[in-house]
Amino acid sequence: MSDVQIKPQSTLTCPQCGHQATETMPTDACQYFYDCRGCGAVLKPKPGDCCVYCSYGDVPCPPIQKNCSACCG
């Protein structure tokens, strides 16, 4: 029985301008692109990460929170 409490929001920090935005993450998929609202940069995951939330967010994406790495990719 898995009662993992999923945190649905993550605060992304742009590596180019430092702008921060709290976003609601998709619960059943990884988000590969994100447009920074501060400078307009298109963020992509760092090598080895499945999505922008895992690379630039303060909370990893829901599939990773569920320990479902097979869901990502």
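Biologist: How many aromatic pairs does the structure hold?

Modeller: The structure holds one aromatic pair. Before we go on, a word on the source: this is a predicted model, in which local features need pLDDT of at least 70 and side-chain atom pairs count only at pLDDT 80 or more, while totals for chains, interfaces and linings use all residues. Residues are numbered from 1 along each chain as its sequence is written, and side-chain values use heavy atoms, with hydrogens and water left out.

Biologist: Thanks! Why is the pair of Tyr32 and Phe33 called edge-to-face?

Modeller: A pair of aromatic rings is described by the distance of the centres and the angle of the planes. Rings of Phe, Tyr and Trp (its six-membered ring) pair if their centres lie within 6.5 Å; planes under 30 degrees apart count as stacked, over 60 as edge-to-face, and the rest as tilted. The centres of Tyr32 and Phe33 are 5.0 Å apart and their planes stand at 90°, so the pair is edge-to-face.

Biologist: What makes Tyr32 partly exposed?

Modeller: Buried means under 20% relative accessible area, exposed over 50%, and partly exposed in between (1.4 Å probe, protein chains only). Tyr32 has a relative accessible area of 45%, so Tyr32 is partly exposed. Phe33 has 48% and therefore is partly exposed.

Biologist: Where does Tyr32 sit, and which residues is Tyr32 in contact with?

Modeller: Tyr32 is in the loop between β2 (20–24) and β3 (34–35). Helices (H or I, at least four residues) and strands (E, at least two) are DSSP runs, numbered from the N terminus. Contact means heavy atoms within 4.5 Å. Leaving aside neighbours within four places in sequence, Tyr32 is in contact with Leu43, Lys44, Pro45, Cys50 and Val52. Tyr32 and Cys50 are 18 residues apart in sequence, with their C-alpha atoms 7.4 Å apart in space.

Biologist: On to the cysteines. How many disulfides are there?

Modeller: The count comes to zero. A disulfide is a pair of cysteine sulfur atoms within 2.5 Å. For Cys51, which is in no disulfide, the nearest cysteine sulfur is that of Cys61, 3.8 Å away.

Biologist: What makes a set of residues a nonpolar core, and which residues have the most contacts inside the largest one?

Modeller: A nonpolar core is a set of buried Ala, Val, Leu, Ile, Met, Phe, Trp, Tyr and Cys residues joined through side-chain atoms within 4.5 Å. The largest has 14 residues, and Tyr34, Leu43, Val52 and Tyr53 have the most contacts inside it. Helix α1 gives the most to this core, with three residues.

Biologist: Why does Glu23 count as buried?

Modeller: Glu23 is at 13% relative accessibility, so Glu23 counts as buried. Glu23 belongs to strand β2, and its side chain makes a polar contact with the side chain of Arg37 at 2.4 Å. A polar contact is a pair of N or O atoms within 3.5 Å; within protein, one must be able to donate a hydrogen and the other to accept it, and residues adjacent in sequence count only if both atoms are side-chain atoms.

Biologist: Is Ser10 buried or exposed?

Modeller: Ser10 has a relative accessible area of 1%, so Ser10 is buried. Ser10 is in strand β1 (residues 9–13). A polar atom of the Ser10 side chain lies 3.2 Å from the backbone nitrogen of Asp58. Leaving aside neighbours within four places in sequence, the contacts of Ser10 include Glu23, Tyr53 and Asp58.

Biologist: And what pattern does the protein chain follow?

Modeller: Along the sequence the pattern is β-β-β-β-α-α, which comes to two helices and four strands. Buried residues make up 32% of the 73 residues in the protein chain.
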